[in-house]
Amino acid sequence: MDNGEVARVLREIGLLLELSGENPFKARAYVTGARVIEDLSRPVAELVGAGRVKELKGIGDALARKLHELSTTGRLAFHESLRAAVPSGLLEVAAVRGLGASKVRALWRGLGVASLEDLARACREGRVAALTGFGEKSQANILAALQELERFQGFTILPTALAEASRLAAVVRAAPGVQAVEVAGEVRRARERARTIEVLAAAPAASFAGALDAFANARGVQTVTSRTGDHAAVTLVGGLSAALRIVTPERFGAGLLFATGSRGHLAALTARAAARGLSLDPGGLSQAGDGGDDVPPGGSEEEIYAALGLSFVPPECREGNGEVDLAAAGAFPRLVERADLRGLLHFHTTWSDGRNTLREMLAAAAERGFSYAGVCDHSRTSSYAGGLSIDRVRAQRQEIAALQAEFSGLRIMQGIESDILPDGSLDYPEAVLAEFDFIVASVHSQFSMSREAMTARVIRAVENPRTTILGHPTGRLLLQREGYAMDMEAVLRAAARAGTIIELNANPRRLDVDWRHGGLLRDLGARVAINPDAHDVAGIDDLSYGLLMARKALLPAALVINTLEPEAWLRR
DNA sequence: GCCGTTTTCGGCCCGACTGTTTTCAGTCG
Ligand SMILES: [Zn+2]
């Protein structure tokens with residue numbers, strides 16, 4: 001059992017205890033224990049083996065015993081008995097936004113609600129509103145949250161989609177006779193949320209059936225929803241869909257192009273082909289009518305783009321947003337790449353709610369070849385996240401000065417992720433704000449303002465000359481929470497006017513600003529910062545998702561400030 | 001259930017909002 005699995009069990013015990021009506025502080029002790037285990041840099045089993053797990057702050061006698069049982073047997077009787085006493089569907093009910101353990105318990109004990117279906121029915125029948133502690137509004141809010149949950153059902157975020165896709169691709173690749181396999185569809189296009197994993201394979205016709213069998217029998221396949229001679233569609237445990245198409249090798253290039261899409265991109269390509277007297281279909285590119293083939297059988301994607309007089313369009317850019325016109329005009333932007341990034345900005349440390357120390361984060365930055373790093377812990381109003389008091393801001397500055405001597409090749413800057421307060425102001429007095437090298441300003445509270453009020457609030461923040469970067473502009477959490485209502489275009493215009501940089505937060509739950517605003521950002525010439533918002537060392541590598549989104553937005557690398565030296569973007 | 005030490009019980013991250021209640025519990029970030 002790795003630390004993540006152990007932590008998950010402890011966290012679930014915490015929830016189950018609360019649902020059982022246990023002392024909430026006892027429940028919290030398990031959640032705290034889960035966090036302690038998550039933050040370990042070594043396997044918890046090692047500490048258990050050495051009898052040292054009790055030395056961890058937050059782990060006492062009881063948790064130490066349970067960790068011992070868990071890491072030696074892989075099971076925990078206490079956990080299993082709790083699970084037996086609480087309907088398993090309640091765990092899903094507790095994940096509904098607005099419902100915590102106490103409310104779920106009330107619904108369970110008062111109305112017999114034991115699943116999401118029960119809850120929806122109870123709401124529709126008006127029974128929730130009649131329950132003490134609830135009312136018409138709570139009932140309506142619960143129904144809305146359930147609908148939101150339903151909308152998110154069957155989708156996943158990019159890292160999971162990529163992992164599942166490459167796992168399934170590997171299964172197919174291992175099947176006899178298979179010569180090539182690629183992930184296609186929306187996953188290859190790096191959509192920020194995905195529903196279907198599409199895989200394309202090339203094999204001689206005699207090998208089709210075997211490859212389809214391998215796919216249909218892959219681990220995690222729940223049901224096979226359709227099956228033909230060259231195609232299989234399945235649903236996966238967890239609700240995602242997946243599909244495999246197999247073509248003979250000479251059709252692989254065009255097949256991949258069509259399987260990748262998007263529809264809009266393909267429409268632009270086929271229109272361009274037609275304008276040149278060509279015809280493009282999944283079989284390849286050919287002379288319209290009876291001519292010979294322009295692209296020989298077996299033509300790759302690259303060859304097809306070239307035959308259409310286009311530079312290669314990377315898969316993540318194929319959204320039908322004018323990328324074909326740009327490529328045709330020879331104006332396709334020079335997109336940002338990992339090696340372009342010189343600056344690592346907006347990461348958290350143990351000074352606030354990060355899991356690694358400042359030194360550890362800086363060492364990771366240096367190891368990854370960054371030439372400058374700007375730490376941005378939380379500001380004082382985010383007290384739940386350990387936001388920095390003015391004294392701690394200054395103490396951190398001293399540590400930075402000391403650490404700078406240790407990291408000669410890395411310029412260390414002190415930023416802050418300042419809350420944007422409800423009135424649009426920043427979170428410290430002017431004299432303190434002036435001491436930071438730069439400021440990322442983000443909304444972390446009062447999400448449910450009116451659209452007008454939120455727009456005014458954020459515009460005031462981006463117009464503040466102390467604001468360097470607007471952090472995660474919409475506040476969305478993909479598949480968990482919609483962004484707050486706000487006139488994004490007005491905000492982006494105001495930011496561009498004020499010279500405030502827009503963050504492209506690379507956390508795969510955020511990927512915010514949305515790539516769909518790329519056209520406006522380009523038109524405005526607005527500068528963008530790709531920031532990992534990392535809370536630990538591993539989080540730094542979320543930058544890869546941010547890079548994909550910046551490319552998807554067709555942003556020229558020159559607009560991405562992390563590619564520049566600080567002097568090019570710091571306010572003076 | 002953990003922690004600290006005022007050594008063995010009492011408090012546990014904190015402030016604001018929402019919807020319920022009629023003075024506050026629950027949820028969220
Ligand atoms: Zn933030």
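This briefing walks through a sheet with its packed helices, and then a pair of helices elsewhere in the chain numbering. Please keep in mind that the model is predicted. The sheet is open and has 7 strands with parallel pairing, while the helix pair to look at is H1 and H5, whose crossing is left-handed.

**The sheet**
- Going across the sheet, the strand order is S10-S11-S12-S13-S14-S15-S16.
- At its edges you will find strand S10 (343–345) and strand S16 (528–531), each of which pairs on one side only.
- Strand S10 runs parallel to strand S11 (residues 372–378), and 3 bridges join the two.

**The H1 and H5 pair**
- Helix H1 (residues 3–19) packs with helix H5 (residues 77–85) at an angle of about 40°, and their axes are 10 Å apart.
- H1 and H5 are therefore oblique to each other.
- On the H1 side, the contact is made by Val9, Glu12, Ile13, Leu16 and Leu17.
- H5 contributes Phe78, His79, Leu82 and Arg83 to this contact.
- The residues of the contact between H1 and H5 comprise 6 nonpolar, 1 polar and 2 charged.

Key. Residues are numbered from 1 along each chain as its sequence is written. Chains are lettered from A and ligands numbered from 1 in the order in which they are written. This is a predicted model: local features need pLDDT of at least 70, side-chain atom pairs count only at pLDDT 80 or more; totals for chains, interfaces and linings use all residues. Side-chain values use heavy atoms; hydrogens and water are left out. Two strands pair if DSSP finds at least two bridges between them. Helices (H or I, at least four residues) and strands (E, at least two) are DSSP runs, numbered from the N terminus. Axes are lines fitted to C-alpha atoms, for helices over the stretch in contact, and angles run from 0 to 180 degrees between N-to-C directions. Angles under 35 degrees count as roughly parallel, over 145 as roughly antiparallel, 65 to 115 as roughly perpendicular and the rest as oblique. A crossing is left-handed if the near helix is turned anticlockwise from the far one by less than a right angle, and right-handed if clockwise. Contact means heavy atoms within 4.5 Å. Ala, Val, Leu, Ile, Met, Phe, Trp, Tyr, Cys and Pro count as nonpolar, Asp, Glu, Lys and Arg as charged, and the others, Gly among them, as polar.
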